[in-house]
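This report describes the architecture of a two-chain model and the contact between its chains. The sequence and the structure are shown first.

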Amino acid sequence: MTLAKKKFRYICIYLVRHQHEDNDQTLVKFKHNFYSRFAEIFGQIDFYSSNIRFLKINELSPEFVIIKCKLEFVDMLLLSLYFTSSTILILNVSGTIKKMKKRILKIPHYINDGGLPLG
Amino acid sequence: MKIIKTVDLGTRLVYSDRLVESIKSLFDIDILGFDFDKNYDNVFYESNIIFRTSCTSKKNIGNNEKNGYFFLLGSIFDLYSKENVSNVDILNIKDIRDVKFFFKKYGGKNIGMEFLLSDMRYFFGDKIGKWFSDMKWIHEQCIKYDFQFILSSGASNYSELLSSKVFNAFLTKINIETKKYWNDLNCWLNDKKSLYWQ
């Protein structure tokens with residue numbers, strides 16, 4: 001018997017740091033908001049089934065947060081992110097970390113050049 | 001091959017060429033709607049921009065109609081208002097109570113019925129659930145009475161902007177086929193444009 005390989009997706013968000021907070025504090029608050037919103041809207045069963053993980057990637061600036069989840073829960077995750085009260089931009093969805101990194105490395109140019117005055 | 005464009009007709013941001021470029025790059029949204037301001041001139045991406053104006057401020061458009069800008073006439077749905085909205089292109093719905101009456105009265109006029117996602121972003125979970133259920137019903141009614149169902153971000157700041165992927169997640173949750181939605185919206189806009197330039 002062959003087991004079907006589980007497919008995952010990687011979602012990149014840009015987390016805007018609050019004044020008087022460091023990146024870690026902002027991330028902790030965001031995680032709390034996001035988890036409770038997901039469970040509130042879609043329920044605890046889907047929340048735990050989605051296998052949500054936050055990934056730390058050293059090459060990227062700490063404002064970029066990568067979230068991993070099972071493919072079939074991507075829509076739920078995107079909606080929960082939208083309904084989260086933290087100030088974020090939902091940027092990319094990708095099937096591999098490599099592709100995601102490539103896309104992210106192109107992004108700061110648009111953000112830092114004043115295209116989107118964030119923060 | 002027909003190119004289907006992604007559309008966010010309801011942003012409340014201030015237009016700039018740079019903003020349009022950024023939104024296209026970051027969020028993959030091709031066409032954007034902005035509230036019209038008479039100080040706008042030299043709009044570079046005019047083919048990707050739709051300006052919105054209300055019936056009452058239509059006179060402020062001035063010569064900009066001749067500059068090649070495309071305007072959609074909008075209004076906000078209010079059951080108790082005596083305003084005749086049969087000439088309106090797009091109607092913003094804040095409260096869906098009693099909207100059934102409206103479907104019957106203005107059916108067949110090809111009016112766009114717009115819902116802003118920013119209106120419900122901070123709802124509690126139970127209200128969000130009800131919103132999705134209501135949207136399913138409204139979408140069915142829109143098909144039945146020949147209205148164009150429109151979801152817009154209503155973004156008044158950058159964090160309220162939505163990427164095409166998030167729009168698609170909303171549509172899928174409302175049981176709307178994403179390709180069909182974008183295609184219908186593109187056709188509706190093209191119809192409005194052809195009437196506008198007549």
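Two strands are taken to pair if DSSP finds at least two bridges between them. In this predicted model, chain B contains an open sheet of 7 strands in the order β1-β2-β3-β4-β5-β6-β7, with parallel pairing. Because β1 (7–8) and β7 of chain B each have a single partner strand, they stand at the edges, and one side of each is left without a neighbour in the sheet. Within this sheet, strand β4 (residues 71–76) of chain B runs parallel to strand β5 (residues 90–92) of chain B, and 3 bridges join them. Gly74(B) is found opposite Ile90(B) of β5(B).

In total, chain B has 5 helices and 7 strands, arranged along the sequence in the pattern β-α-β-β-β-β-α-β-α-β-α-α. Of the 198 residues in chain B, 34% are buried. Considering contacts in chain B between residues at least 6 apart in sequence, 51% join residues at least 24 apart.

**Helices of chain B**

Helix α3 (residues 125–145) of chain B comprises 21 residues and spans 30 Å from its first C-alpha to its last, close to the 30 Å expected at 1.5 Å a residue. Met135(B), Ile138(B), His139(B) and Cys142(B) are the buried residues of α3(B). They lie on the same side of α3(B) because they cover an arc of only 110° around the axis. Their cover includes β6 (112–116) and β7 of chain B. On the face of α3(B) turned away from this buried side are the exposed residues Asp126(B), Ser133(B), Glu140(B) and Lys144(B). After α3(B) comes Asp146(B), with a positive phi near 60°.

In helix α4 (residues 164–173) of chain B, the buried residues are Val166(B), Phe167(B), Asn168(B), Ala169(B), Phe170(B) and Leu171(B). The buried residues of α4(B) pack against elements of both chains: α3 and β4 of chain A, together with β7 (148–152) and α5 (178–196) of chain B. Asn175(B), which follows α4(B), also has a positive phi, near 65°.

**Contact between the chains**

How many residues of chain A are in contact with chain B? There are 21, and they meet 20 residues of chain B. The elements giving two or more residues to this side of chain A are α1 (23–42), α3 (74–83) and β4 (88–94) of chain A. By residue class, the side of chain A that touches chain B divides into 15 nonpolar, 4 polar and 2 charged residues.

**Strand pairing and confidence in chain A**

Strand β1 (residues 8–15) of chain A pairs with strand β3 (residues 64–70) of chain A and also with β4(A). The table lists both pairings, with one bridge from each.

| Strand pair | Sense | Bridges | One bridge |
|---|---|---|---|
| β1(A) and β3(A) | antiparallel | 7 bridges | Phe8(A) and Lys70(A) |
| β1(A) and β4(A) | antiparallel | 6 bridges | Ile11(A) and Val93(A) |

The mean pLDDT of chain A is 87, and 89% of its residues reach 70 or more. Among the elements of chain A, α3(A) has the highest mean pLDDT (97), whereas helix α5 (residues 108–112) of chain A has the lowest (57). Helix α3(A) is also one of the elements that give two or more residues to the side of chain A touching chain B.

Notes:
Residues numbered from 1 in each chain as written. Chains lettered and ligands numbered in written order. Predicted model: local features only at pLDDT ≥ 70, side-chain atom pairs only at ≥ 80, totals over all residues. Contact = placed C-beta atoms within 7 Å. Helix = DSSP H or I, 4+ residues; strand = E, 2+ residues; numbered from the N terminus. Nonpolar A, V, L, I, M, F, W, Y, C, P; charged D, E, K, R; others polar. Buried ≥ 20, exposed ≤ 12 C-beta atoms within 10 Å, placed from the backbone. Expected span 1.5 Å × (residues − 1). Arc of directions from axis to C-beta. pLDDT = per-residue confidence, 0-100.
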